[in-house]
Amino acid sequence: MRAVIVAIGVAFLISLLGTPIAIKVFTRLKAGQPIRAEGPAMHQGKKGTPTMGGMVFILATVIAYVAGHLALTTLPDAQIAQVEPTITALVLLGLMVFSGAVGFIDDFLKVRKRHSGGLNKRGKLAGQILVGAVFGIVALYFPSTMYDASGARTNAETVGSTTLSFIRDIPVLEIGKVASVIVIILVVMAATNGVNLTDGLDGLATGASVMVLAAYALIAFWQYRHWCADPNYTEAYCYSVRDPLEIALIAGAAAGACVGFLWWNTSPARIFMGDTGALGLGGLIAGMAMSTRTILLLPIIGLLFVIITMSVVIQIISFRTTGKRVFRMSPLQHHFELAGWSEVNIVVRFWIIAGIGVAIALGLFYSEFLAAVT
């Protein structure tokens, strides 16, 4: 627990204190956010606000991970198995950093062209597929060295699973490695685009991501306290995951970094996360679902992202089939802007929806544990 708290604190401070520096640097470099002409008219006042702020909380998460590992060196010998950096950290941080890199290319092209059209859809899609495929393969083809109940070393878990999962792996849904890599790619694409579509109002995606990442930190830490690989854990009910403390540490660090960033990103935002931050957070959230074996729980944990994504899908299908729009504008948050809601009201109410999804998901996760032990 100490390591997780250290990582959260370090990430929060780096992001809180580093974001004003990023604002000054990006302002000097004239890295302002172009605004779509077809977007809500009230957004034109945000033109020129520094973008690519996601670089701050991505860097803060990586540094906080290192700091958390320094704290891990003080743990008892029985818990020493996770002191060294793991493949789990490589996959999770890799998904965050390289998904963020795809977003950075998009942001850079927007700033350079002074136009809201950055990386084309095919280029962005190709980047997401490549990142998902590379880290999906790593997640499924590199088993860990863990401890069995007698304390002997044994090769056991991979970061990802060849079985579809809800609150844990579902044995009857074994799909094999190739299909599992495809599933991971799809989850990465869905999560990155979901967060990106949600990032349309000041603080909206940042605040929702804090809740989702905090939920995964709680899930992973609970799995760590009931971990099958822990030689000191003697209960029959446990979680067969890989490196749950690593997962909790990274999720906590990312949540802390987002809270620090939110101080400057809330309305009126002094900096935007850009696609750099949105895609980076989406990649990490996808990795969290994969590594905690909760892939099918992700749509509930990320309820707000699902609703906003579906609003875009519904709008496109309706317009192409009937020529009519269901919403005044999509994504959904812009519909309510045009309906006269204030930006702050939309953000707070959407945060409530995000919180409801997280609460339901955590309730399902814990109720499954209670049902198994009673």
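The model is predicted: local features need pLDDT of at least 70 and side-chain atom pairs count only at pLDDT 80 or more, while totals for chains, interfaces and linings use all residues. Residues are numbered from 1 along each chain as its sequence is written, and side-chain values use heavy atoms, with hydrogens and water left out.

By the ring-pair rule there are 13 aromatic pairs; rings of Phe, Tyr and Trp (its six-membered ring) pair if their centres lie within 6.5 Å, and planes under 30 degrees apart count as stacked, over 60 as edge-to-face and the rest as tilted. One of these pairs is stacked, between tyrosine 239 and phenylalanine 365, with 5.6 Å centre to centre and 10° between the planes. Tyrosine 239 lies in the loop between α6 and α7 (244-265) and phenylalanine 365 in helix α12 (residues 343-373), so the pair ties together parts that are 126 residues apart in sequence. Both tyrosine 239 and phenylalanine 365 are buried. Phenylalanine 350 pairs with phenylalanine 336 in an edge-to-face arrangement, at 6.0 Å centre to centre and 85° between the planes. Because phenylalanine 336 lies in helix α11 (residues 332-338) and phenylalanine 350 in helix α12, this pair ties together parts that are 14 residues apart in sequence.

## Aromatic cluster and charges over rings

Tyr239 and Phe365 also belong to one aromatic cluster, formed by Trp222, Tyr237, Tyr239, Phe365, Tyr366 and Phe369.

The charged end of lysine 177 sits over the ring of tyrosine 141, 4.4 Å from its centre, and arginine 349 lies over the face of tryptophan 341, at 4.7 Å from the ring centre. The rule here asks for NZ of Lys or CZ of Arg within 6 Å of the ring centre and within 35 degrees of the ring normal.

## Overall fold

The secondary structure of the chain comes to 12 helices and four strands, taken as DSSP runs (helices H or I, at least four residues; strands E, at least two) and numbered from the N terminus. The C-alpha trace spans about 65 × 45 × 35 Å along its principal axes. For 374 residues, a compact globule would have a radius of gyration near 21 Å, and the chain has 21 Å, which agrees; the radius is taken over C-alpha atoms, and the globule rule is 2.2 Å times the number of residues to the power 0.38.

Of the 374 residues, 53% count as buried. Among contacts between residues at least 6 apart in sequence, 75% join residues at least 24 apart, where contact means heavy atoms within 4.5 Å.

Helix α6 (residues 204-225) has 22 residues, which should span 32 Å at 1.5 Å a residue; its end C-alpha atoms are 32 Å apart, which agrees. The expected span is 1.5 Å times one less than the number of residues. Of the 22 residues of α6, 17 are buried.

The largest nonpolar core has 101 residues, of which Phe57, Tyr216 and Ile301 touch the most other members. Such a core is a set of buried Ala, Val, Leu, Ile, Met, Phe, Trp, Tyr and Cys residues joined through side-chain atoms within 4.5 Å. Leaving aside neighbours within four places in sequence, tyrosine 216 is in contact with Ala251, Ile285, Met288, Ala289, Thr292, Thr294, Leu298 and Ile301.

Asparagine 196 is placed in helix α5 (residues 176-198) and counts as buried at 17% relative accessibility. Not counting residues up to four places away in sequence, asparagine 196 touches Lys124, Asp275, Ala278 and Leu279.

Histidine 335 lies in helix α11 and is buried, with a relative accessible area of 15%. With residues up to four places away again not counted, histidine 335 touches Phe327, Arg328 and Met329.

## Backbone exceptions

Most residues other than glycine have a negative phi, and most peptide bonds are trans. The bond from serine 267 to proline 268 is cis, with omega near -5°, and proline 268 is in the loop between α7 and α8 (274-291). The bond from serine 330 to proline 331 is also cis, with omega near 0°; proline 331 is found in the loop between α10 (303-322) and α11.

Aspartate 243, not a glycine, has a positive phi of about 50°. This aspartate is in the loop between α6 and α7 and is buried, with a relative accessible area of 6%. Arginine 293, in the loop between α8 and α9 (298-301), has a positive phi of about 60° and is buried, with a relative accessible area of 3%.

Note on methods: Buried means under 20% relative accessible area, exposed over 50%, partly exposed in between (1.4 Å probe, protein chains only).
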